[in-house]
Amino acid sequence: MPKAWLQDRKRDYYYKKAKEENYRSRAAYKLFQVVKKYQFIKRSDVVVDLGAAPGGWTQAAKKIVGNKGFVLGVDLKPIEPFPQKYVRTIIGDITEPEISQEILEFIPRKANVAISDASPNISGIWEVDHARQIDLAQQALKISLEILEPAGSFFVKVFQGDMLQDFIDKVKKHFEIVKVIKPEASRSKSSEIFILGMQIKKPRG
Ligand SMILES: C[S@@+](CC[C@H](N)C(=O)[O-])C[C@H]1O[C@@H](n2cnc3c(N)ncnc32)[C@H](O)[C@@H]1O
């Protein structure tokens with residue numbers, strides 16, 4: 001069977017599933033699959049979703065944290081409000097220096113997990129898109145280090161390319177456990193890949 005055909009069918013499968021199960025994006029299943037394997041979001045956690053519109057990951061995170069958990073979605077674009085309690089969204093730019101402080105004012109305590117699926121507007125010029133995306137991932141890492149509690153986890157999308165290894169090395173500098181992941185729900189022809197960092201390293205000395 002041609003690979004492209006299988007890929008399109010898989011894409012269609014998650015698209016339909018998201019429609020049927022009322023998720024705002026099929027990306028929700030990428031988060032579910034990785035959490036199922038690594039258990040880095042737990043019931044009652046506080047989760048911050050950076051680059052969250054239209055809100056599929058925010059919904060998935062809320063489902064995992066349950067009634068006592070709290071999820072904050074941040075995006076440049078407005079996100080349609082959620083009906084559940086303890087899900088908030090704000091319009092914000094993750095490249096702005098004050099954003100971490102703003103986030104800390106909205107969440108009930110330091111976050112257990114920061115997740116980021118942020119993507120730049122795609123120009124079609126590969127080097128430009130890769131560099132912009134890595135820049136967003138670095139901003140997400142910086143914010144995470146400011147808003148996470150010490151045992152916190154960081155999960156981020158990146159586009160593969162020559163700046164990726166440097167970024168992974170930065171995540172390794174700050175987290176004890178680092179995984180590079182391609183979830184089943186992510187198309188294999190897509191260059192996206194996900195990095196998970198668990199447990200912030202304690203400063204030495
Ligand atoms: C692929 S979408 C996220 C999809 C989301 N995870 C979901 O499941 O619905 C990427 C998002 O990143 C956001 N984004 C890009 N640059 C941003 C920035 N500087 N600050 C905040 N959000 C940003 C875009 O507005 C876009 O909504």
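Tutor: Angles under 35 degrees between axes count as roughly parallel, and those over 145 count as roughly antiparallel. The model is a predicted one. In it, the axes of helix 5 (residues 126-147) and helix 6 (residues 164-174) cross at roughly 5 degrees, and these axes come within 11 Å. Helix 5 and helix 6 are therefore roughly parallel to each other.

The residues that make this contact can be listed by side. Helix 5 contributes Ile134, Ala137, Gln138, Leu141 and Leu145, and these meet Phe167, Lys170, Val171 and His174 of helix 6. Sorted by class, the contact between helix 5 and helix 6 consists of six nonpolar, two polar and one charged residues.

From here one can turn to the interior. In soluble globular proteins, nonpolar side chains tend to be buried together. The largest nonpolar core of this model holds 53 residues. Val47, Ala61, Ala114 and Ala140 have the most contacts inside that core.

Next comes the ligand. A shell of 23 residues surrounds the ligand, and the closest are Ser25, Gly51, Ala53, Gly56 and Asp117. Helix 3 (56-65) and strand 2 (70-75) are the elements that give two or more residues to this shell. By class, the shell around the ligand divides into 12 nonpolar, six polar and five charged residues.

Ala53 also takes part in a backbone feature: the peptide bond from alanine 53 to proline 54 is cis, with omega near 0 degrees. Proline 54 itself sits in the loop between strand 1 (46-50) and helix 3.

Two other loop residues have a backbone feature of another kind. Glutamine 39, in the loop between helix 2 (28-38) and strand 1, has a phi near 50 degrees, which is a positive value in a residue other than glycine. Glutamine 39 has 11 other C-beta atoms within 10 Å and is exposed, since 12 or fewer such atoms place a residue in that class. Tyrosine 86 lies in the loop between strand 2 and strand 3 (87-91). Tyrosine 86 is not a glycine, yet its phi is positive, at about 60 degrees. With 16 C-beta neighbours inside 10 Å, tyrosine 86 counts as partly exposed.

Conventions
Residues are numbered from 1 along each chain as its sequence is written. This is a predicted model: local features need pLDDT of at least 70, side-chain atom pairs count only at pLDDT 80 or more; totals for chains, interfaces and linings use all residues. A residue is near a molecule or strand if its C-beta atom, placed from the backbone, lies within 6 Å of it. Helices (H or I, at least four residues) and strands (E, at least two) are DSSP runs, numbered from the N terminus. Ala, Val, Leu, Ile, Met, Phe, Trp, Tyr, Cys and Pro count as nonpolar, Asp, Glu, Lys and Arg as charged, and the others, Gly among them, as polar. Axes are lines fitted to C-alpha atoms, for helices over the stretch in contact, and angles run from 0 to 180 degrees between N-to-C directions. Angles under 35 degrees count as roughly parallel, over 145 as roughly antiparallel, 65 to 115 as roughly perpendicular and the rest as oblique. Two residues are in contact if their C-beta atoms, placed from the backbone, lie within 7 Å. A nonpolar core is a set of buried Ala, Val, Leu, Ile, Met, Phe, Trp, Tyr and Cys residues joined through C-beta atoms within 7 Å. A residue is buried if 20 or more other C-beta atoms lie within 10 Å of its own, exposed if 12 or fewer, and partly exposed in between; C-beta atoms are placed from the backbone.
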